Amino acid sequence: MTSSRESVYENKMERTVVQTKPKTSEALMEIELGNCRYVRVTPWKDSLRIDIREWENGKPTKIGVSLTLSRWLTFCDAIEELEKALRSGKIDVRCHLGGNVFATVSNGYRCVNIRQFFKPESQELTATRKGIALRLCEWNTLVEYLPSINFAIPNIDTILPCHMQPDHSSVQGALMCSECNPNGF
Ligand SMILES: [Zn+2]
C-alpha cells in the first residue's frame, strides 16, 4: 500500500530528474559526439533521417541539422574532401548535400559546418543560422563511427542519393530537380 506521503515524494523525485541524454526510444542508433551533441538515426515519414544535433536537458536544441538519407549519403561521399580541407587548413570547400544544405570547411577554421543556406534574388548563396558547426574532436568521432551509423540504416547499399538517380543522367534531368538544383541556376 502506498501512503499519500510516499506518492508526493515520488512525484517530487520525477520532477527533479535531470535528463542529460536524448530519449533513445525512437532512435535506431545514437552516437555521442561530445559536448551534448549526438548523431541519431530516427524514423521520419516513411523513411529515416540522420539528425546531428546539440541537446539540452534531454531536449533537442535549434543547433543542428536533420539530413534525409539522400543528403546523408551525399555527405558520406563528401567526407574525404572535407577531411582534406580540414587537415590542410588552407582551403575553402563547399559540398552540396541537397536542397540548400551544404557542408563547408572555411580556410583557417578547424570545424565542419553543416548548414542551411539561402539565395536571395540575384545574390550569392548565404549561410543561415540553421545548422551546426562540428568541432574537430566531434568531427573525428563522427568519422570514426560512420560505419556503425551506416550499419543501422537497412539496405543502405540499395539507396541512391538524388543526384545519382537514373533520370539525372542527362543535364536536363538534374537541372529540373529542386533537390539538386534548388535555386534554378
Ligand atoms: Zn535530384
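Which residues have the most contacts inside the largest nonpolar core? They are Ala103 and Val112, in a core of 28 residues. This is a predicted model: local features need pLDDT of at least 70, side-chain atom pairs count only at pLDDT 80 or more, and totals for chains, interfaces and linings use all residues. Residues are numbered from 1 along each chain as its sequence is written.

**Core**
- A nonpolar core is a set of buried Ala, Val, Leu, Ile, Met, Phe, Trp, Tyr and Cys residues joined through C-beta atoms within 7 Å.
- Buried means 20 or more other C-beta atoms within 10 Å of a residue's own, exposed means 12 or fewer, and partly exposed lies in between, with C-beta atoms placed from the backbone.
- Elements that each supply at least two residues of the core of 28 include β2 (37-44), β7 (111-118) and α3 (136-151).
- Helix α2 gives the largest share of this core, six residues.
- Helices (H or I, at least four residues) and strands (E, at least two) are DSSP runs, numbered from the N terminus.
- Ala103 touches Phe75, Ala78, Leu82, Cys95, Leu97, Val112, Asn113 and Ile114, not counting residues up to four places away in sequence.
- Contact means C-beta atoms, placed from the backbone, within 7 Å.

- Strand β5 (residues 93-98) pairs with β6 in the antiparallel sense, over five bridges; pairing needs at least two DSSP bridges.
- Gly98 stands opposite Val101 in β6.
- Two residues lie between the strands of this hairpin, and Gly99 takes a positive phi near 55°.

**Glu54**
- Glu54 lies in strand β3.
- Glu54 is partly exposed because 16 other C-beta atoms lie within 10 Å.
- Among the residues Glu54 touches are Cys36, Thr61 and Ile132.

Methods:
Contact = placed C-beta atoms within 7 Å.
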